[in-house]
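Colleague: Thank you for making time for this. May I put some questions to you while we look at the coordinates together?

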Amino acid sequence: MTLIIDQFPCRSDNFGVLIHDTESGLTAAIDAPEFDPIKHRLAERGWKLDQILVTHHHVDHVEGILPLKQAYGCTVIGPAGEADKIPGLDRTVKEGDVLDFGAYKIEVIDTPGHTLGHISYYIPAAKVAFVADTLFALGCGRVIEGTMPMMWSSLEKLLALPDDTAVYVGHEYTQANARFALTIEPSNPDLVARAGEIDALRADSKSTLPTTIGLEKRTNPFLRVDVPAVRELLGMPDAAAVDVFGEIRTRKDNF
Ligand code: ZN
Ligand code: FE
């Protein structure tokens, strides 16, 4: 069994993602940032859209839902906590729900913080997670609707996934995130090396995603709240992890 994952740019800095199970022929879009690029990619691949898996209600993740639904008659699945804010929903899901996708099982993880109902999708058999605006490469989503503890506990859930889990996120923010990350851990050799690789990729207009849980653990400051050098730089040697996270998030908001 094979799951093809196709990621492509949408809007200014969003990603469209299609997943396709070669055995059943099923295709799903992770979010619907924009109709045209998704339609074109489906046509190029010769796939028909069966499902849209929505992560949260922000316009840059849902704007393509209704035109896609009209064009393909696809089923729209999204977070129970934001059902009233997402157009065209056919089915709501929450943590613990498992979706059948051909031979694959897709697990729903509640990851609130960026928005109150934000969910992520995890496919253990394919070692892949779709986390939208919860975790970014070298960053995390802005805590817009939720609280710092809420966002931190969502990130802790993602940290618990296996290190070799491929992580697809909502936005290409990596280069700017790297500049901020280096202010928190200027002498982390893994981060310094990664920042160089990111600059090279972006100079070539290439995507820096997907990432992996293991790579983020080694380089993402928002996940490195227990590292002594990070705590020392922030002057928070004995603070709770959630408070160190909150301080880093606040610094990034003002960066
Ligand atoms: Zn968002
Ligand atoms: Fe977004």
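Colleague: Where is Ile-86 found?

Modeller: Please bear in mind that this is a predicted model. Ile-86 sits in the loop between strand 5 (75-79) and strand 6 (91-93).

Colleague: Is Ile-86 buried or exposed?

Modeller: Ile-86 counts as buried, because its relative accessibility is 6%, and the cut-off for buried is under 20%.

Colleague: Which residues does Ile-86 touch, leaving out those up to four places away in sequence?

Modeller: Ile-86 touches Val-54, His-56, His-57, Val-62, Ile-65 and Pro-79.

Colleague: His-56 interests me. What are the protein donors of the zinc ion (ligand 1)?

Modeller: They are His-56 through NE2, His-58 through ND1, His-114 through NE2 and Asp-133 through OD, at 2.2 to 2.3 Å from the zinc ion. The spacing of these donor residues in sequence is H-x1-H-x55-H-x18-D.

Colleague: What are the angles at the zinc ion (ligand 1)?

Modeller: The angles among the four donor atoms run from 84 to 173°, and the site is classed as irregular.

Colleague: And which residues coordinate the iron ion (ligand 2)?

Modeller: The iron ion (ligand 2) is coordinated by Asp-60 (OD), His-61 (NE2), Asp-133 (OD) and His-171 (NE2), at 2.1 to 2.3 Å. The site of the iron ion is irregular, with angles of 85 to 169° among its four donor atoms. The iron donors follow the spacing D-H-x71-D-x37-H.

Colleague: How far apart are the iron ion (ligand 2) and the zinc ion (ligand 1)?

Modeller: The two ions are 3.1 Å apart, and Asp-133 coordinates both. Asp-133 lies in the loop between strand 10 and strand 11, while His-171 lies in the loop between strand 13 and helix 5, so this pair ties together parts that are 38 residues apart in sequence. Both Asp-133 and His-171 are buried, and His-114 is buried as well.

Colleague: What does Leu-234 touch, beyond residues up to four places away in sequence?

Modeller: Leu-234 touches Ile-184, Val-244, Glu-247, Ile-248 and Arg-251.

Colleague: Ile-184 belongs to helix 5, I see. Which residues of helix 5 are buried?

Modeller: They are Thr-174, Asn-177, Ala-178, Phe-180, Ala-181 and Ile-184. These residues pack against strand 11, strand 12 (139-140), helix 6 (189-203), helix 8 and helix 9.

Colleague: How do the axes of helix 4 and helix 9 cross?

Modeller: The axes come within 9 Å and cross at roughly 105°. Angles of 65 to 115 degrees count as roughly perpendicular, and helix 4 and helix 9 are therefore roughly perpendicular to each other. On the helix 4 side the contact is made by Met-148, Pro-149, Met-151, Trp-152 and Leu-155, and on the helix 9 side by Ala-241, Val-242, Phe-245, Gly-246, Arg-249 and Thr-250.

Colleague: A last topic: the backbone. Is the peptide bond from Leu-209 to Pro-210 cis or trans?

Modeller: This peptide bond is cis, with omega near 5°. Pro-210 is placed in the loop between helix 6 and strand 14 (211-212).

Colleague: What is phi of Arg-11, and what is phi of Lys-127?

Modeller: Phi of Arg-11 is near 50°, a positive value in a residue other than glycine, and phi of Lys-127 is likewise near 50°. Most residues other than glycine have a negative phi. Arg-11 lies in the loop between strand 1 (3-10) and strand 2 (14-21), and Lys-127 in the loop between strand 9 and strand 10.

Colleague: How accessible is Arg-11, and how accessible is Lys-127?

Modeller: Arg-11 counts as partly exposed at 34% relative accessibility, and Lys-127 is partly exposed with a relative accessible area of 43%.

How values were computed:
Residues are numbered from 1 along each chain as its sequence is written. Chains are lettered from A and ligands numbered from 1 in the order in which they are written. This is a predicted model: local features need pLDDT of at least 70, side-chain atom pairs count only at pLDDT 80 or more; totals for chains, interfaces and linings use all residues. Side-chain values use heavy atoms; hydrogens and water are left out. Contact means heavy atoms within 4.5 Å. Donors are N, O and S atoms within 2.8 Å of the metal (3.2 Å for Na, K and Ca); water is not among the atoms, so sites may look incomplete. Four donors count as tetrahedral if all angles lie between 85 and 135 degrees; four count as square planar and six as octahedral if opposite donors are over 155 degrees apart and all others between 65 and 115; anything else is irregular. Buried means under 20% relative accessible area, exposed over 50%, partly exposed in between (1.4 Å probe, protein chains only). Axes are lines fitted to C-alpha atoms, for helices over the stretch in contact, and angles run from 0 to 180 degrees between N-to-C directions. Helices (H or I, at least four residues) and strands (E, at least two) are DSSP runs, numbered from the N terminus. Angles under 35 degrees count as roughly parallel, over 145 as roughly antiparallel, 65 to 115 as roughly perpendicular and the rest as oblique.
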